[in-house]
Amino acid sequence: MFMHSLWHSVRLAAFLLLAGLAGVAAQAQSKGAPPAPVVDSMRGATPVDKESSPPILYATENKDVRRTRNYAMQPPTIPHAIDNYQVDKEFNRCMFCHARTAAEAAKSVPVSITHYMDRDNNVLADVSPRRYFCTQCHVPQADAKPLVGNNFVDVEQLLQRKPGVMGSSK
Amino acid sequence: MFDLIKRYWKTITRPSAYYSLGFLTLGGFVAGVVFWGAFNTALELTNTETFCTGCHEMRDNVYQELQTTIHFTNRSGVRAKCSDCHVPHNWTTKIARKMQASKEVWGKIFGTISTREKFLDKRLELAQHEWARFKANDSLECRNCHDYGSMDFTRQSPRAAEMHSTYLANKEKTCIDCHKGIAHHLPDVAKAKEQ
């Protein structure tokens with residue numbers, strides 16, 4: 001019990017000290033130092049009154065070759081350009097070719113049966129509203145430099161790793 | 001006054017009695033050139049984008065949509081204006097289309113699509129007219145620029161090359177069959193099939 005209350009008061013003291021320091025810092029800032037520039041994730045550190053140079057746009061890969069999925073449940077990526085495709089309440093340009101009835105003539109991959117199911121697994125006549133907006137899950141790809149690092153390992157490789165290696169199954 | 005009109009009328013009814021044949025031939029020729037020039041200039045004026053977008057129906061609806069498409073902005077800057085796709089280029093069919101367009105003048109006067117809502121309600125019907133026209137003339141207005149003989153399939157995506165070398169080549173399909181809504185937003189096409 002004693003130890004507990006001691007720990008409690010130490011924590012309280014530390015908190016008060018920190019709060020005091022923060023207050024002093026805030027006061028110092030309001031007195032003279034200019035506020036730290038707000039960094040916008042889109043424009044980077046470029047000040048608002050300066051023009052930023054945007055990164056170059058990479059061309060969408062348009063080879064029409066189906067790509068391997070990185071994991072079993074991955075929504076397949078789109079192997080072609082979809083510039084200006086109209087997907088709204090009037091018309092769905094994706095379904096123009098990927099609908100069940102259009103797939104043969106268009107030689108496309110018809111969307112899977114799951115897209116016709118509502119959340120209670122009832123199969124509907126047409127694409128389920130919750131699956132209607134294709135690019136929520138399916139995206140085209142570009143051969144661009146990744147913005148962040150990634151050490152994703154396919155589960156098949158993961159299972160083959162020796163025990164003790166990072167990311168191994170044992 | 002009456003005498004004056006009578007005198008002119010006599011001259012007009014029998015011009016060869018008052019003017020030389022050479023003058024009448026040459027005069028008729030010059031007048032014809034002037035008339036034709038004026039007619040054609042006026043006709044071409046109705047083919048300009050400024051004319052089409054002079055009315056809010058076109059400017060606020062379809063022209064806005066066109067501006068987001070590749071037929072308006074692209075890497076080489078070649079672009080299509082309204083009449084390139086919606087008015088036939090050769091003379092006879094152009095005149096026929098222009099006569100049909102008198103109904104569009106009627107529509108303008110009576111405000112058939114004077115609001116966004118009216119336009120959206122009417123859009124499917126209007127689109128169907130254009131699709132029927134393209135289907136009937138084998139997408140002639142597309143082909144005025146996009147020549148099948150000049151298409152390099154190796155420069156198309158495999159998917160496009162496949163389609164063009166089969167359905168387009170054997171004339172089973174024409175451009176508009178697959179490229180509806182290439183320059184404007186599409187209405188609910190499913191409704192068209194119901195009718």
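This is a predicted model: local features need pLDDT of at least 70, side-chain atom pairs count only at pLDDT 80 or more; totals for chains, interfaces and linings use all residues.
**Chain B as a whole.** I listed 12 helices and zero strands in chain B. The radius of gyration is 24 Å for chain B, whereas the globule rule gives 16 Å for 195 residues, a value that chain B is well over, so I noted the chain as more spread out than a compact globule. Taken along the principal axes, the box that the C-alpha atoms of chain B fill is roughly 80 × 40 × 35 Å. I recorded 8% of the 195 residues of chain B as buried, and I also noted that, among the contacts in chain B between residues at least 6 apart in sequence, 59% join residues at least 24 apart. For confidence, I wrote down an average pLDDT of 92 for chain B, with 98% of the residues scoring at least 70.

**Chain A as a whole.** I counted four helices and zero strands in chain A, which reads along the sequence as α-α-α-α. Of the 170 residues in chain A, 4% are buried. Among contacts in chain A with a separation of 6 or more, I noted that 34% come from residues 24 or more positions apart.

**H115(A).** Is H115(A) buried or exposed? I found H115(A) to be buried, because 20 other C-beta atoms lie within 10 Å. I placed H115(A) in the loop between helix 3 (103-106) and helix 4 (155-160) of chain A. Setting aside neighbours within four places in sequence, I found H115(A) in contact with V127(A), S128(A) and R131(A). I also looked up Y132(A), which is 17 residues from H115(A) in sequence and 8.1 Å from it in space, C-alpha to C-alpha.

**Where the chains meet.** I found nine residues of chain A in contact with 13 residues of chain B. Sorted by class, the side of chain A that touches chain B has one nonpolar, four polar and four charged residues.

Definitions and conventions. Residues are numbered from 1 along each chain as its sequence is written. Chains are lettered from A and ligands numbered from 1 in the order in which they are written. Two residues are in contact if their C-beta atoms, placed from the backbone, lie within 7 Å. Ala, Val, Leu, Ile, Met, Phe, Trp, Tyr, Cys and Pro count as nonpolar, Asp, Glu, Lys and Arg as charged, and the others, Gly among them, as polar. Helices (H or I, at least four residues) and strands (E, at least two) are DSSP runs, numbered from the N terminus. A residue is buried if 20 or more other C-beta atoms lie within 10 Å of its own, exposed if 12 or fewer, and partly exposed in between; C-beta atoms are placed from the backbone. pLDDT is the predictor's confidence in each residue, from 0 to 100. The radius of gyration is taken over C-alpha atoms; the globule rule is 2.2 Å times the number of residues to the power 0.38.
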